Amino acid sequence: MPTVIVHQLAKSFFDDSRGEIRAVDKIDFECQPGEIFGLLGANGAGKTTTLRMLSTILKPSSGTASVMGHDVTTNPELVRQNLGFSSATTALYPRLTARETLDFFARINGYPPEKARARVEDLIQRFGIGEYANARVEKLSQGMKQKVSIARTVVHDPPVLIFDEPTVGLDVLNAVEMHKVISQFRTEGKTILFSTHIMSEAEKLCDRIAIIHRGKIRACDTLSALREATGQHYLEDIFIHYAEQADLAQTPPPTA
Amino acid sequence: MKGSFLRILTLFLIEIRMTLRDRRSVFASIILPIIITPLLLFSSNWTVKKREHKLQETVYQYVVTGSNVSFVKSTIDLTQKRLAQQTNSTNHFRFQETNYTDALTALNQGQIHFILEGLTPAEAAIKRGKSKSVTRKRDSIDPELRVGILVPGIRVIFRADRDDSMAGMNKMVDALETTRHLQRNLLLHSKGMPQSASDFATLEETNVATKGHVAGLALGRVATVLLLGFILMGGIVVATDMLAGEKERGTLETLLTSSMTRFEIVAAKHLAILSVAITITLIQTLNLLAYASFKLVPLPSNFIEALPPSTVFLLAILYLPVAALASSVLLFTSGVARSYKEAQLYFTPVFLLLLVPALSPILPGLTLRSAIVLVPLSNVALAVRDILVGSFDWPMILLSWLITTGTALWVAWMSVRVLSEERLVTSGEKDATDYVGGFKLFSRQAPFWFAAMWAILLIVSNYTPQNDIRIQLFINLIVIFLGACFLMIRKYHLNPREVLALRRPRSTAFLAVLIGVPGGMLTAIGLFRFASLFFPIPQKMLESFSETLLPSNMGTFQLLLFMAILPGIIEEITFRGVLLHSLHKRLHPVLLVLIVGIVFGFFHMALFRFAPTAFLGILLSAVTILTGSIFPSMLWHALNNGFALLSNSQDIISQLEPIYYLAGPVLLGCSFWILWRDRTPYPELRLSKSKNNTRQKK
């Protein structure tokens, strides 16, 4: 049974000079447990808007989306309880320690209080943050913060995880570490939805890839199926194939 | 419910912990005020004492000039002798004559404190004639002046920009005047008059207020402002950090994607701000009391007697919604701002907005039994003043408390809404409504327009001379009501025909109006009489009501024009037109009718007019909703006011038998039966919940 269902989901914004902008334009996709689903697209393609609608920060203009059977507009609290969301804009409280952060987010996300302490210690062990678990977050390095942030995302053990551009701003070592962690979550049977504009990352991790361009999903399949359909080997070429196709089909965009 | 409470508690405790860890906040909002207050008090006390001491010690130097030196010297001699006899006086005044050839330069250079210029009788008469403000005209009431007798004079020349010169001049003038006064009495006595001019009659005053009452008034005038100042000082740093700061640091999105609801987040943060604000207020109050016991702050001697524990408890209960409202406003402001800097920009206007109503006890003539009871903060401030003076107007105190509490809750609820507004919680993207403008924006902003209109009306009705009611009606109806409606229609590019419901109703609607007007009036008066059995209304209030409403200087035609026809047209345009239109898609029709009616009642300022006008407002709104047109309600309104004038001038009301009141509901029922049977409802009403949902999804 799919854990995430997105149906005809759309979001429009208004802009002074450009009028209505369809950031996301009636997209459909579904994700399964134990699957890494990648949203691949250039900057401004609509990846972040889609993920923000799934995390209930933005309200869809039309269409529906559900996480673990809960609708994002009618049951946002239950959606968030089943979701771990991490993005460039989900920072940590600087004045709390790593341990306090994890404990706090376990509690407010409805993790059973009697089990919370054990869960926090378990995560501290697992992510190797024991040494600095009692230091304030504001004193940690970027890499350390990243680890605490991931632990924070999964502290209430949600079945669905959303990572919005998780490796942006990380050095190679930390980025590889991140890839490992994401793969681990897949083996635990979690659904992972992540967005990236880095082709190699998508190639390496994703079970299925959705190519999103100008607010629409242009293709959505496994890497091998996409290769077969386009006759291209590298994901970069596949991406460009679909992007060009889309641009040709559309009337040329008005120049700003 | 339990989970919700636990989540709120968890976030609340974390917020408090983070606040305590923020050295900047703790220092700025707790430690600094504790240090600064005593420092300020000490230093101001010290400088005042030092200055007094210095002026006390000074031997004032002066030069005598002018063409009548001998008169000056003789007067000074007399004064000196008189002062020498008063050895017991603590406020002793010592002066010494010196010699400078250029006295004015010496004065300008600070070598002397003042100059005494002796004037001959002729000179004095001329100087008096063209005396400028720098010359003190203490003797302007002298009887000699009136009869035109020529007398010598003394002019004291000093510099008002120097403390010692000013003080010396004051003391010298007082001393010389006392001397002259005594001389005059001696003179009168020698001519056979009583010992002193004041022996003609005695005059005395008796104060029946206790010292506690006087102290209470002094305290009551400033208590609310002082308290609010403390709350804001304490809450502001914390509040800014809690939403605007979180947005800037990016932690708000982390919180918003947790399973806490917006309500829980706002509740926890509000509690945190409130706790900090109350803690700081307590600390500062104790601080002040401590200084008072060290005599650093001059409090009235009977201060403590004026405050029995029961009063303190009542004040605490009254001040709780004030603290809650201040916290709500701070949180809301912080929520609207997208960054720390933007929040700081808003806080000055917010300070003024909160402090100005709290100053109302200082304004003369404001009483709790007026429209001011509807203004949050103002009402509590006035209630506190009254309580401290020992007058307890329980219904008004309760109403004040309820209104301020309600406002606090409403602002807190607005903060919940702010957290759901995408343009405010995510960076960059703007809310669609801002760009679309038109009806949607109008619908959102209309309540603020009406709040502003109400505030302007309150000011105008309190501070314009009421000698001609026509001028006031002109300002109210044409300038405020019609002006605001015109501006709204223009600003939001609305279609006047739709907004004002300018549609042709069925002809039966007018029949219904003709039956309904007397029916409505009789029902209202009956209800009013019935209610007055339980809540007695002072006769004086009723009398003053009919006085202002029925000025004697207007003819029948003018009366009808100003009191019936113009209000009928313009008030309907404002309330059943613009206001009703702005809310018709947001509220269920029943609620819509009630709200428009109640707002209409609020606009009639005087408290005792609220019930009857709100009742009329509700009827008129219902008529508009059922006919889809403004014309029947205009006719109803004008006829109603016309009948009211007629019945007032003929004094029909008091002659009515109770049985007639029963006819009221029957007529009203008939009228609404016709309206319902032939209804042509107002378009696009929000009739059911499902419809509203589909509209939102669009």
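A: In chain A, 6 strands make up an open sheet with mixed pairing, in the order S6-S7-S8-S3-S9-S10. Strands here are DSSP runs of E of at least two residues, and helices are DSSP runs of H or I of at least four residues, both numbered from the N terminus. Two strands pair if DSSP finds at least two bridges between them. At the edges are strand S6 (83–86) and strand S10 (216–221) of chain A, each pairing on one side only. On average, neighbouring strands of this sheet are turned by 15° against each other, direction ignored.

This is a predicted model: local features need pLDDT of at least 70, side-chain atom pairs count only at pLDDT 80 or more, and totals for chains, interfaces and linings use all residues. Residues are numbered from 1 along each chain as its sequence is written, while chains are lettered from A and ligands numbered from 1 in the order in which they are written.

Strand S9 (residues 208–213) of chain A pairs with S10(A) in the antiparallel sense, over 5 bridges. In this pairing, A:Ala210 has A:Cys220 in S10(A) as its bridge partner. Strand S3 (36–40), S9 and S10 of chain A have helix H9 (residues 235–249) of chain A lying across them, and this helix runs at about 35° to S9(A). Axes are lines fitted to C-alpha atoms, for helices over the stretch in contact, and angles run from 0 to 180 degrees between N-to-C directions.

Next comes the contact between the chains. In chain B, 28 residues are in contact with 26 residues of chain A; contact means that the C-beta atoms of two residues, placed from the backbone, lie within 7 Å. H1(B) gives the most to the side of chain B that touches chain A, with 7 residues.

The last topic is the cores. A nonpolar core is a set of buried Ala, Val, Leu, Ile, Met, Phe, Trp, Tyr and Cys residues joined through C-beta atoms within 7 Å. A residue is buried if 20 or more other C-beta atoms, placed from the backbone, lie within 10 Å of its own, exposed if 12 or fewer, and partly exposed in between. The largest nonpolar core has 137 residues, and B:Ile273 and B:Ala326 have the most contacts inside it. Helix H8 (residues 211–249) of chain B gives the most to this core, with 14 residues. Leaving aside neighbours within four places in sequence, B:Ala326 is in contact with residues including B:Leu228, B:Ala277 and B:Leu354.
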